[in-house]
Amino acid sequence: MTDRWYVLIEEDTRETRRADGIELRLHHWTLTASHPVNGTEAEACAVAEDAALHYVPGILARHARPGDTPGRSAFLAGDGSWLVHVRQNHRACHFRVTTARLVHTREEGQAPPKSLKEKVRHALDGPEPLPAPWVPKG
């Protein structure tokens, strides 16, 4: 267990799909940045506020000219997260800034390569069953 604070920035991304002549605009939150903060929770909240007031999403930064300043509305939610609406040159986007404490981390693991015997057995018997889905204890 660690005790490091992070500032997380999530952007509301939109993907347009077409199905049966209908245009669907699908929105989802995507984690775009995670910045470690050396300090306490209060310092992490201060860094989150700074990010909410100064961060410019990539879609606006790509189309901005030198000297452009985007319009911004920043809302502080009851849980301490920031929801920000940024607009510039007929473009608008939303992003969310939160603070989080890293509680657990685990490195990725790889299974050892299969032997020739296991590969042949797999070809004859079919794939191994998937692990059971997680369920809460109790």
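Predicted model: local features only at pLDDT ≥ 70, side-chain atom pairs only at ≥ 80, totals over all residues.
Across from Arg72 stands Val86, a residue of strand E4. Now widen the selection to strand E3 (71-76) and strand E4 (residues 82-88). E3 and E4 run antiparallel, and six bridges join them.

**The whole sheet**

Next, show all the strands. Five of them form an open sheet, and the pairing is antiparallel. Read across the sheet and the order is E2-E1-E5-E4-E3. Which strands stand at the edges? They are E2 and E3. Each has a single partner strand, so one side of each is left without a neighbour in the sheet. Turn the view and look for the twist, which averages 20 degrees from one strand to the next. What holds such strands together? Strands of a sheet pair through backbone hydrogen bonds.

**The hairpin**

Select strand E1 (4-19) together with strand E2 (residues 22-37). How many bridges link E1 and E2? There are 15, and the pairing is antiparallel. Pick out Thr13, then look opposite to find His28 in E2. Now follow the chain to the turn. E1 and E2 form a hairpin with two residues between them. Click Asp20 in that turn: its phi is positive, about 55 degrees.

**A surface patch**

Stay with E2 and select Ile22, which is found in this strand. Ile22, Leu24 and Leu26 make a nonpolar surface patch of about 250 Å². Colour the three residues and show the surface to see the patch.

**The helix across the sheet**

Select helix H1 (residues 41-54). Which strands does H1 lie across? They are E1, E2, E3, E4 and strand E5 (91-102). Compare its direction with that of E5: H1 runs at about 170 degrees to E5.

**Inside E4**

Go back to strand E4 and select Gln88, which has its place there. Is Gln88 buried or exposed? Its relative accessibility is 10%, and buried means under 20%, so Gln88 counts as buried. Now show what surrounds this residue. Leaving out residues up to four places away in sequence, Gln88 touches Leu60, Ala64, Asp68, Thr69 and Pro70.

**Last stop: H3**

Select helix H3 (residues 116-125). How many of its ten residues are buried? The number is zero, so H3 lies largely in the open. Step just past H3 to Gly126, where phi is positive at about 95 degrees.

Definitions and conventions. Residues numbered from 1 in each chain as written. Heavy atoms only, no water. Patch = residues over 30% accessible without salt bridge, like charges linked within 9 Å, V, L, I, M, F, W, Y side chains within 5 Å. Areas by Shrake-Rupley, 256 points an atom, 1.4 Å probe, with all protein chains shown as cover. Salt bridge = Lys/Arg side-chain N within 4 Å of Asp/Glu carboxyl O. Helix = DSSP H or I, 4+ residues; strand = E, 2+ residues; numbered from the N terminus. Pairing = 2+ DSSP bridges. Axes fitted to C-alpha atoms, helices over the stretch in contact; angles between N-to-C directions. Contact = heavy atoms within 4.5 Å. Buried < 20%, exposed > 50% of the residue type's maximum accessible area, 1.4 Å probe, protein only.
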